[in-house]
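Please keep the sequence and the coordinates at hand while reading.

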Amino acid sequence: MKYQSISRLSALAAFAAAMALGAASPAQAADYPNKPITLVVPFAPGGSTDILGRLVADELRTRLGQSVVVENRSGANGNIGTALAARAAPDGYTLLMANAGTNVVNPSLYKNLTWDPIKDFTPLAMVARVDNVVVVGPTVKAESLKELADYAQANPGALNYGSVGVGSIFHLAGVIFSQEADVKMTHVAYRGANPALTDLISGNIQVMFATIPGALPFIKAGRLNAVAVTGENRSSLFPDLPTAVEAGFPKIVIDNWFAVMGPAGLPDDVKATLMEALTNMQKDPKFQAKLKEQGAEPGTTGGKELERQEIADIAKWKKVVTTANITID
């Protein structure tokens, strides 16, 4: 009788342990998410990070069965929103819509960052890769990148080019072009792509190196003129528009990636739930079609592979920043 009692207790204990393990399993993750999730976009509304972030939020809302709210926290070239996400509780309820500009360029630019791009984040999934496009406003009569360079040489100091911030990929693209074309242009920093594009249309600035999703509506409406793309290949949206390399500027090969990240230390079950949802999103033909409509190519990497990409890009852009001699305190 005593033996049977002990055996029964052992069986109950084993059953309880199995139930506990099952509850903690990533496949179960029953408790997550049970409240709204915030997706921090560290730039103003209207730019590519915001556009793609809202596509992701809609997808996650459907796949996780929970509200996903986009919170724009712009400023300091993306550092304010990124710092907010880095300090958030690692519970999966605050995520970051990161991009290469913020996470791989800023660490070489800013001496006193309050966050580390590798140590302070959990990489989840690369959402998209986006080429930049060189656009000119209505006051500049240039139909190609070569004509833009010729105009700049003939009118020294006449061109102002905008970007989303000092040291952003778009600022550095202008620096590289100025060096390649041997011209002088004045950089004007904005708090987001949309205000810069608005000033470009109105003639307050004359040139922008912008992402295709951000500039696309204005190009389609005929309010801005695209003269080149900066990726390795031509854009499927602009098959007749040459790359900067084809136009005679071999050093201008610049793209941008966008990824969803969480704070460091995400629990395994939460991380697994998010990565499953994001991986399924990446593979979904309907989502891929939405990205391509915006001029973006679907991302395929995630987790450790995304982290390796990030580390490699940090090293790449550090060389560019050092050569351009740009630092921000």
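How do the residues of the lining of the largest cavity divide into nonpolar, polar and charged? They comprise eight nonpolar, seven polar and no charged residues, where Ala, Val, Leu, Ile, Met, Phe, Trp, Tyr, Cys and Pro count as nonpolar, Asp, Glu, Lys and Arg as charged, and the others, Gly among them, as polar.

This is a predicted model, in which local features need pLDDT of at least 70 and side-chain atom pairs count only at pLDDT 80 or more, while totals for chains, interfaces and linings use all residues. Residues are numbered from 1 along each chain as its sequence is written, and side-chain values use heavy atoms, with hydrogens and water left out.

Two cavities of 30 Å³ or more are present in the structure. A cavity is a set of points, on a 1 Å grid over the protein atoms alone, where a 1.4 Å probe fits but cannot get out, and its lining residues have an atom within 4 Å of a point. Grid points are joined across faces, edges and corners, and the volume is the space filled by probe spheres set on the points.

The largest cavity has a volume of about 130 Å³. Its lining is made of 15 residues, and those nearest its centre are Ser-48, Thr-49, Val-164, Phe-170 and Ala-193. At least two lining residues come from each of α2, β7 (207-211) and β9; β7 gives the most, with three residues. Helices (H or I, at least four residues) and strands (E, at least two) are DSSP runs, numbered from the N terminus.

The second largest cavity holds about 60 Å³ of space. Among the residues that line it are Phe-43, Asn-77, Thr-102, Val-164, Phe-170 and Asn-256. Two or more residues of this lining are given by each of α4 (100-109) and α6 (169-181). By type, the lining of the second largest cavity has four nonpolar, six polar and no charged residues.

Thr-102, which lines the second largest cavity, is also touched by Asn-79. Asn-79 sits in helix α3 (residues 79-87) and is buried, at 9% relative accessible area; buried means under 20%, exposed over 50% and partly exposed in between, with a 1.4 Å probe and protein chains only. Leaving aside residues up to four places away in sequence, Asn-79 also touches Asn-106, Tyr-110, Leu-113 and Trp-115, a contact being heavy atoms within 4.5 Å.

Turning to charged pairs, the structure holds nine salt bridges, each a side-chain nitrogen of Lys or Arg within 4 Å of a carboxyl oxygen of Asp or Glu. One of them joins Glu-59 to Arg-63, with the closest N and O atoms 3.1 Å apart. The two residues are four apart in helix α2 (residues 48-64), so about one helical turn separates them. Glu-59 is buried at 11% relative accessible area, whereas Arg-63 is partly exposed at 31%.

Arg-63 also forms a salt bridge with Asp-284 (2.7 Å, N to O). Because Asp-284 lies in the loop between α9 (268-283) and α10 (285-293) and Arg-63 in helix α2, this pair ties together parts that are 221 residues apart in sequence. Together with Lys-290, the residues Glu-59, Arg-63 and Asp-284 are linked in a network of salt bridges.

A further salt bridge pairs Arg-234 with Glu-246 (2.9 Å, N to O). Both lie in the loop between β8 (225-229) and β9 (255-263), so the parts tied together are twelve residues apart in sequence. Arg-234 is partly exposed at 39%, and Glu-246 is partly exposed at 48%.

Conventions: On a 1 Å grid over the protein atoms alone, a cavity is a set of points where a 1.4 Å probe fits but cannot get out, and a pocket is an open set with protein on both sides within 12 Å along at least five of seven lines; lining residues have an atom within 4 Å of a point.
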